[in-house]
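I opened this notebook to record what I looked up in one structure. The entries follow the order in which I consulted it.

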Amino acid sequence: MSKKIIKVKRLPKDPGPAAWNRILTPEPEYPALSGDVQADWVVVGGGFTGLAAARRLAQLTGNDSIVVLEAGRLADGPAGRNSGFMIDLPHELNSETYAGSHDHDLQQIRLNRAAIAFAAEMAEEYEMDRKVFDPCGKVTAAGSDKGVAHIESYRKHLDELGESYELRSALDMKDWTGSDFYRTGLYTPGAVMIQPAAFIRQAARGLSDRVSIYENSPVVEMSLADDHLLTTPRGQIRAKGVILAVNGHVQSFGFFPRQLLHVFTFASMTRALTQSEVHRLGGVEDWGILPADPMGTTVRRSSNLMGSGDRIVVRNHATLNQSIEANESNMRRAAKLQDRSFANRFPMLKGVEMEHRWGGRLCLSWNSMPAFGEVEKRVWSACCQNGLGTVKGTLSGMMAAEQAVLGSSEMLTEFLDHQQPKLLPPEPFLSLGANMTMRWKEWQAGIEL
Ligand SMILES: Cc1cc2nc3c(=O)[nH]c(=O)nc-3n(C[C@H](O)[C@H](O)[C@H](O)COP(=O)(O)OP(=O)(O)OC[C@H]3O[C@@H](n4cnc5c(N)ncnc54)[C@H](O)[C@@H]3O)c2cc1C
């Protein structure tokens, strides 16, 4: 194979702290890659995708050596910044109601459930606490007429798919959350709520018996030949096979040009509530709500894992940043929206400040397709999770390992039944158009935001 050099154009930059990670007891660092190392397999990226790929490789390859290279600290990237909903049902962020077409949705459900089962095996094997991995289902809820209409159309869609659900009244919602904001909720049983940073850390720790993990080891160059050579600031690694599990940053490696949308979304987390604030709030200890309107606000209450305190997290706002970096004004706007959403839902917690505010990357494609497959000889991409990386990342990591080792499998055949990510419109029309559309949809979401 003739040699080809890829210089990595950009490294990940995440605005604000990964609060879910920050509130846990600090963990010792994994070493940074140094010197010259040889391995059979290198997985680049230590999020949901990278860890799933490493685990599946370990299951499939017996004694092959496997390395994970993470640019920063584990759980400091998007994997430790998300809201922690592992959703089995269709969750198309580009659609008005999360739904796609019927057959596609049935297929997505089968695949998503296989990924959740794979994550559940990790949770069991690595003895994760129920507060880290909780198969409690999910609730989608509405606080306005428009939101109620969204719930109704979501409910009809679930009927068509033959999926079970339960409707929750305004009173049920108040008993559960303490807030009287919500007029109705729709519960579906198949989702899992995770503490995302704790899940990533514990999955990595469990894997580290079998897989060598390096933190603070960004890949800055790849030289592709019979043995691929990956360079990081302090070391190099040679490997036969490489899985890129870097989500949108696969574009920084030169792959999928003009096919990926780099969307940021943002969140705020309160300081730990005092006992009297917890009492004033009411409701149960741990819960999470997805907004009926995809442009609305996700809210979670999380209770005292590893001494982290009782806190509320609100997530909303989305911006398209094709530079793969969010800016200060994105953060300021998000903070303003989140303070308003918090005040609307929790008037009894007036005066409770936000301790952490952050943003994080999603990678979407125009037609919601993944950026998946062998992009160079023995280099596989498992990227573009279309906003549901806890599940689709896990799935694409598993599938990349299966494609690399087995070549084919039943699940892979089903997974590969997709198109390539569609080519995007040219700039500046893309960014202007997409950001204007998102602002318009946010405005239309009204009180749901
Ligand atoms: C606020 C917020 C809320 C969200 N809520 C949810 C939710 O509830 N449910 C859900 O499913 N998803 C949610 N998401 C999306 C989810 O976090 C992502 O889809 C998911 O993290 C993608 O997983 P991944 O492993 O593919 O990529 P990532 O988690 O982005 O991991 C990729 C890793 O690759 C590393 N990397 C990049 N370049 C290099 C390089 N050159 N060398 C080495 N390493 C590199 C990065 O540092 C990163 O750690 C949310 C995201 C945000 C920001």
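This is a predicted model: local features need pLDDT of at least 70, side-chain atom pairs count only at pLDDT 80 or more; totals for chains, interfaces and linings use all residues.

**Entry: packing of α3 and α4.** I began with a helix pair. Two packed helices are described by the angle between their axes and the distance between the axes. For α3 (residues 102-125) and α4 (residues 145-161) I noted an angle of about 80° and axes 11 Å apart. The range from 65 to 115 degrees counts as roughly perpendicular, and α3 and α4 are therefore roughly perpendicular to each other. I then listed the residues that meet: His102, Asp105, Leu106 and Ile109 from α3, and His157, Glu160 and Leu161 from α4. By class, this contact has three nonpolar, two polar and two charged residues.

**Entry: helix α6.** I checked the length of α6 (residues 196-207) next. Its 12 residues should span 16 Å at 1.5 Å a residue, and the end C-alpha atoms are 16 Å apart, which agrees. I found 10 of the 12 residues buried, so α6 is largely enclosed by the rest of the structure. Among the buried residues are Phe199, Ile200, Arg201 and Gln202.

**Entry: helix α9 and its flanks.** I recorded 17 residues for α9 (residues 389-405) and a reach of 23 Å from first to last C-alpha, close to the expected 24 Å. Of these 17 residues, 15 are buried, and α9 is mostly covered. Glycine 407 follows α9 and has a positive phi, near 85°. In the loop between β20 (379-383) and α9 I came to cysteine 384, which has a positive phi of about 65° although it is not a glycine. Cysteine 384 counts as buried, at 1% relative accessibility.

**Entry: further backbone features.** Most residues other than glycine have a negative phi, and most peptide bonds are trans. Alanine 75 sits in the loop between β3 (66-69) and β4 (85-86) and counts as buried at 3% relative accessibility. Glutamate 427 and proline 428 are joined by a cis peptide bond, with omega about 0°. Proline 428 belongs to the loop between α10 (410-415) and α11 (429-445).

**Entry: threonine 140.** Is threonine 140 buried or exposed? I found threonine 140 buried, with a relative accessible area of 2%. This residue is in strand β6 (residues 138-142). Its side chain makes a polar contact of 3.5 Å with the side chain of lysine 138. Beyond its neighbours within four places in sequence, threonine 140 contacts residues including Ile151, Tyr154, Thr184 and Leu290.

Notes:
Residues are numbered from 1 along each chain as its sequence is written. Side-chain values use heavy atoms; hydrogens and water are left out. Axes are lines fitted to C-alpha atoms, for helices over the stretch in contact, and angles run from 0 to 180 degrees between N-to-C directions. Helices (H or I, at least four residues) and strands (E, at least two) are DSSP runs, numbered from the N terminus. Angles under 35 degrees count as roughly parallel, over 145 as roughly antiparallel, 65 to 115 as roughly perpendicular and the rest as oblique. Contact means heavy atoms within 4.5 Å. Ala, Val, Leu, Ile, Met, Phe, Trp, Tyr, Cys and Pro count as nonpolar, Asp, Glu, Lys and Arg as charged, and the others, Gly among them, as polar. The expected span of a helix is 1.5 Å times one less than its number of residues. Buried means under 20% relative accessible area, exposed over 50%, partly exposed in between (1.4 Å probe, protein chains only). A polar contact is a pair of N or O atoms within 3.5 Å; within protein, one must be able to donate a hydrogen and the other to accept it, and residues adjacent in sequence count only if both atoms are side-chain atoms.
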